[in-house]
Amino acid sequence: MGVVTPGFSGRARSGNPRLPPGQYLAEDFPVLSAGPTPRVRTETWEFTVTTETGEKHAWSWAELMALPSEKFTVDIHCVTQWSKLDTHWRGVAVDTLVGGLDTAADYVMVHSYGGYTTNLPLADLLDGQAWIAYEYGGKPLTPEHGGPARLVVPHLYFWKSAKWVRGLELKTRDEPGFWENVGYHDYGDPWREQRYQGD
Ligand SMILES: Nc1nc2c(c(=O)[nH]1)N[C@H]1C(S)=C(S)[C@@H](COP(=O)(O)O)O[C@H]1N2
Ligand SMILES: [Mo]
């Protein structure tokens with residue numbers, strides 16, 4: 001038996017080219033929520049996109065379901081160092097909701113039921129990089145994982161993937177969301193290990 005246990009070397013340097021630096025593979029699907037799980041009924045659920053001029057666009061649950069959806073398979077990376085490869089989802093591409101809008105905004109504040117927020121550049125939500133997801137593993141997304149619907153932005157740390165998503169606020173200025181405000185990185189690229197401000 002070697003001095004370095006497989007578990008330790010796995011965490012330090014996995015050799016798996018799909019694992020960003022400092023990440024390890026999670027077998028299960030951990031639940032990470034900063035507060036209680038809001039129970040949002042689809043009957044009253046509403047998703048809004050507000051532009052920087054105050055123009056508001058809203059979708060009911062039925063309207064979201066009527067939009068073209070995509071199945072997508074992605075790797076997800078939490079800042080607490082777990083990653084999960086090949087996760088299966090279904091959702092509506094953010095392009096489908098925002099694509100036709102007249103906006104000069106460069107930033108987005110994502111808002112959730114329950115009050116959670118997270119900020120990111122609008123460009124990171126477009127071109128097939130992000131979805132409003134409502135199925136995981138072929139089943140309706142459970143409340144613990146953000147159901148009825150959550151944002152999924154797999155190329156950034158998973159705190160950007162707001163659970164119980166309620167809307168996108170398009171903005172000309174970048175402002176910090178919930179975790180960004182207490183020291184987490186504004187952008188959060190797992191491949192550049194942008195965990196905290198200054199990384
Ligand atoms: N609304 C909301 N969204 C959230 C969070 C949260 O606390 N509230 N936690 C974030 C963090 S830190 C992570 S890692 C993922 C966890 O998603 P999961 O619980 O489905 O694994 O959700 C993100 N989205
Ligand atoms: Mo996280």
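W164 is buried, with a relative accessible area of 8%. This is a predicted model. W164 sits in the loop between β10 and β11. Its phi is positive, about 50 degrees, although W164 is not a glycine.

Q81 also has a positive phi without being glycine, here near 90 degrees. Q81 lies in the loop between β4 (70-77) and β5 (82-93). Is Q81 buried, partly exposed or exposed? At a relative accessible area of 35%, Q81 is partly exposed, because that value lies between the 20% and 50% cut-offs.

**The chain as a whole**

The protein chain has three helices and 11 strands. From the N terminus, the order of elements is α-β-β-β-α-β-β-α-β-β-β-β-β-β. The C-alpha trace spans about 65 × 35 × 30 Å along its principal axes. How does the radius of gyration of the protein chain agree with a compact globule? For 199 residues such a globule would have a value near 16 Å, and the protein chain has 17 Å, so the two agree.

Of the 199 residues, 44% count as buried. The accessible surface comes to about 10,000 Å². Carbon and sulfur atoms hold 52% of that surface. Among contacts with a separation of 6 or more, 66% join residues 24 or more positions apart. The chain carries 18 positive and 25 negative charges, and their mean positions are 8 Å apart.

**The annotated domain**

An unreviewed UniProt entry places the feature "domain: Oxidoreductase molybdopterin-binding" at residues 35-179. The end C-alpha atoms of that span lie 13 Å apart.

**The loop between β9 and β10**

H145 is in the loop between β9 (139-140) and β10 (150-152). H145 counts as buried because its relative accessibility is 12%, which is under the 20% cut-off. Which residues does H145 contact beyond its neighbours within four places in sequence? They are F29, P30, V31, R150 and K163.

P148 is placed in the loop between β9 and β10. The peptide bond from G147 to P148 is cis, with omega near 15 degrees.

P140 is in strand β9. P140 is exposed, with a relative accessible area of 66%; that is over the 50% cut-off. Apart from residues up to four places away in sequence, P140 touches Y134 and E135. T51 is 89 residues from P140 along the chain, and their C-alpha atoms are separated by 29 Å.

G183 is in the segment after β11 (165-171). G183 is partly exposed at a relative accessible area of 25%. With neighbours within four places in sequence left aside, G183 is in contact with Y196 and Q197. G183 and Y196 are 13 residues apart in sequence, and their C-alpha atoms are 5.7 Å apart in space.

**Accessibility by residue**

| Residue | Relative accessible area | Class |
|---|---|---|
| W164 | 8% | buried |
| H145 | 12% | buried |
| G183 | 25% | partly exposed |
| Q81 | 35% | partly exposed |
| P140 | 66% | exposed |

Technical notes. Residues are numbered from 1 along each chain as its sequence is written. Chains are lettered from A and ligands numbered from 1 in the order in which they are written. This is a predicted model: local features need pLDDT of at least 70, side-chain atom pairs count only at pLDDT 80 or more; totals for chains, interfaces and linings use all residues. Side-chain values use heavy atoms; hydrogens and water are left out. Helices (H or I, at least four residues) and strands (E, at least two) are DSSP runs, numbered from the N terminus. The radius of gyration is taken over C-alpha atoms; the globule rule is 2.2 Å times the number of residues to the power 0.38. Buried means under 20% relative accessible area, exposed over 50%, partly exposed in between (1.4 Å probe, protein chains only). Contact means heavy atoms within 4.5 Å. Accessible areas come from the Shrake-Rupley method with a 1.4 Å probe; for residues, only the protein chains shown count as cover. Lys and Arg count as positive and Asp and Glu as negative; His and the chain ends are not counted. The place of a charge is taken as NZ of Lys, CZ of Arg, CG of Asp or CD of Glu. UniProt positions are given in the numbering used here, feature names are shortened, and annotations may be inferred rather than shown by experiment.
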